[in-house]
Amino acid sequence: MSAVIDDHGHAKDDHHHGDHHHGYGGMMRWITTTNHKDIGTMYLWFSFMMFMVGGTMALVIRAELFSPGLQIVNPDFFIQMTTMHGLIMVFGAIMPAFVGFANWLIPMQIGAPDMAFARMNNWSFWILPFAGSLLIMSFFVPGGAPGVGWTMYAPLTVQMGMGMDLTIFAVHLLGMSSIMGSINIVTTILNMRAPGMTLMKMPLFVWTWLITAYLLIASMPVLAGAVTMTLTDRHFGTSFFNAAGGGDPVLYQHIFWFFGHPEVYIIILPAFGVVSQILPAFSRKPLFGYASMVYATSSIAILSFIVWAHHMYTVGMPVTGQLFFMYATTLIAVPTACKIFNWLATMWRGSLTFETPMLFALGFLFLFTMGGFSGLVLALAAVDIQLHDTYYVVAHFHYVMVAGALFTAFGGIYFWLPKWTGKMYNETLGKWHFWLTMIFFNITFFVQHFSGLAGMPRRIPDYPLMFETWNKISSIGAFGFGFSQLLFLYIIVKAITSGEKAADKQWEGADSLEWTHLPSPAPYHSFETPPAIK
Amino acid sequence: MSQHPTAQGTPAYFIPQPMPWPIMGSVALFCMALGAVFVFNGMSGGWVSLAFGFVLLLYMMFRWFGDVIRESETHMYSKQVDLSFRWGMSWFIFSEVMFFAGFFGALFWFRVVSVPDLGSLLHNEILWPGFTSHWPSAGPGFSEKFSPMGAWGLPALNTFLLLSSGATITVAHWALKENKRGLLNLFMFFTVALGVIFLVCQVIEYGHGYADLNLKLTTGVYGSTFYMLTGFHGFHVTLGAIMLAVILARCLAGHFKPDQHFAFEAVAWYWHFVDVVWLGLFIFVYWL
């Protein structure tokens, strides 16, 4: 039943990729695997598929918004599209992508043989396709998918059809998957480090995931509680969000955002970690201010739990409450700026080269900073009353979610693809992918700042004529952005099938264990004997 | 921190072989979710899917835990693996704490914010004339009479039962460490029995609420928070009691050693967690 790892070390020189000494073959190998690399690969491909599904929904939204008036879809289907686009991108695309990175990289970067709980790791992944199916099935039941927005605010959720129930259970399953995955990651980091790999020697990617996993374990159960209350309000006559029974719809918003704000850091912290690996490698300098990066990440994690109500300034709140949440929110700018300046200082007088991963990291640095600034604008309670639920908010969170998280995910994949597959991607095409993504991203979302400032509301399929130019530009950008991602798929598949052989240390400036101690591709089982850490 | 692999080929860290249980668990959860949606919406076939998923989940857990117990008893787990289990269980309990925190948050919100707000001058004049804020309350739209659950009858007895079970499991743990197997078995039995009696009392209490007090799940926020909080707690006690029963069976089968018995400790931690949640419930739901 069980494979026991022996202590004959062959981490460094033994290329036994494909040496799977167990009973399952074909499809069953992937279904039953306990190997962190297999599971990481599945997470990444699943995430890409969901990215395509969610992206298609975004294109439906942008097609409808190309012109004022109702053109292609009815308002009901439009709001279903915005809801599912949000849920699928957050829970299906971005989060699994970074869990994929965590699976691939954490054991290699801390010198561990695998994740701490290899079987539970498999379960964390294999819950996802079923949860994703539940979400997508909601389109095909009477009433269709829930048209409530990804935040699933009561009391609208209480009035939806059975698609809402499917979504609620999908969220439960996604939460279970996240909690199991996070427990696994925390335990791996705390208990599986090679001797000598002290906490303050860990690569920053590992640090950011330690803190992310903590945030997930603390916040996902709260979301599970919120959707459970929605479920019982819908079917069992409870009054959690019903004022006639003494309840309060605003309570839902508080509980949701108590989860929801840590959630945005759950999405962005691993991205910070990836950038903190890429920038030093292409600057050929160690990361500037490592310790301050660790402390900044921890501060962001702590602050993330006391800022949630800045998402609900307009819902009715005492002025003292607004002031508290405003000050707490602006406080987050301090550790975040600390990170930005550390990244800049890392590059200062470095020996810079601009391969694709570096381009994506720089694109992140530039655009995420802009998204951070628009976040500061929105954090101001007085300003937010004008901007709440406008396209300004949409522009803001796409600058941090897409240019923040997605750009780094692309950068990370280009960066580690040589290590994972032993093959190099085509650098010219990679640069094309970056520039197309960069340009179309800004065409899509930069104009949304203006339409938002002018008052265009989000989640509405129709708009007055005055917003037409901005929306036309945005829609053209969105289609360009979407089709540019097919180039990404082509580059990756091309690299895997017929890429040039990658060097063991493909990037001369990379210094974490997977580059210094393992061949490319990394063997199926790495670090069965812990490496010596100086 | 992590240890060096020892000599003579002792495992450095146990990495399990591929196995079918996780995918079976996913299928089970999917069937249960789908079945529940069908049942809630009055569609046919829901119960079949729900029951199939549940049985599959039970079978999966039986086999998966069976494998784990077998591995444990054949000494495949090093000290480092043992420490992984400890971290894992601690973080799992932390996630459970946060789940209950969400529901306690709702309770405090109703008591401190929403019910007083509904009885405030503004709401009184415009929306709910005549509604005065008080606790327990079922809200301004609830016209029937109901009585809240008193603290000093069955609930106080239940507090006593659970606290006692916390003491008996500690005695059992001490007996295990001293290798007094008879005492261990006896006190594990007491712990399971106390857990079961607690659950029986809880069922009687619910019956009393529905039959005599007109206190239902639909009785406004008081009914919602009362039944959801105590219900989720009771669900956790049920799981805990099943886990304790498994541990008792393993004790009787001669499992565990004085110096290595993490499964026992994990269940004991879980049981204490359930105990602490109950104290919160007793104070904030029943008493104050």
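The dialogue below walks through a predicted model, looking at chain A and then at chain B.

Visitor: What does the secondary structure of chain A come to?

Guide: In this predicted model, chain A has 17 helices and two strands.

Visitor: How many of the residues in chain A are buried?

Guide: A residue counts as buried when its relative accessible area is under 20%, and in chain A buried residues make up 66% of the 534 residues. The accessible surface of chain A comes to about 17,500 Å², and 71% of that surface belongs to carbon and sulfur atoms.

Visitor: What part of the contacts in chain A joins residues 24 or more positions apart?

Guide: Taking the contacts in chain A with a separation of 6 or more, 82% are between residues 24 or more positions apart.

Visitor: How many positive and negative side chains does chain A have, and where do the centres of the two sets lie?

Guide: Chain A has 22 positive and 25 negative side chains, with the centres of the two sets 8 Å apart.

Visitor: Which domains does the domain assignment give for chain B?

Guide: The assignment gives domain 1 of chain B (13-76) and domain 2 of chain B (78-287). Seven residues from domain 1 of chain B and eight residues from domain 2 of chain B take part in the contact, while the centres of these domains, taken over C-alpha atoms, are separated by 25 Å.

How values were computed:
Residues numbered from 1 in each chain as written. Chains lettered and ligands numbered in written order. Predicted model: local features only at pLDDT ≥ 70, side-chain atom pairs only at ≥ 80, totals over all residues. Heavy atoms only, no water. Helix = DSSP H or I, 4+ residues; strand = E, 2+ residues; numbered from the N terminus. Buried < 20%, exposed > 50% of the residue type's maximum accessible area, 1.4 Å probe, protein only. Contact = heavy atoms within 4.5 Å. Areas by Shrake-Rupley, 256 points an atom, 1.4 Å probe, with all protein chains shown as cover. Lys, Arg positive; Asp, Glu negative; His and termini not counted. Charge placed at Lys NZ, Arg CZ, Asp CG, Glu CD. Domains from an automatic or database assignment.
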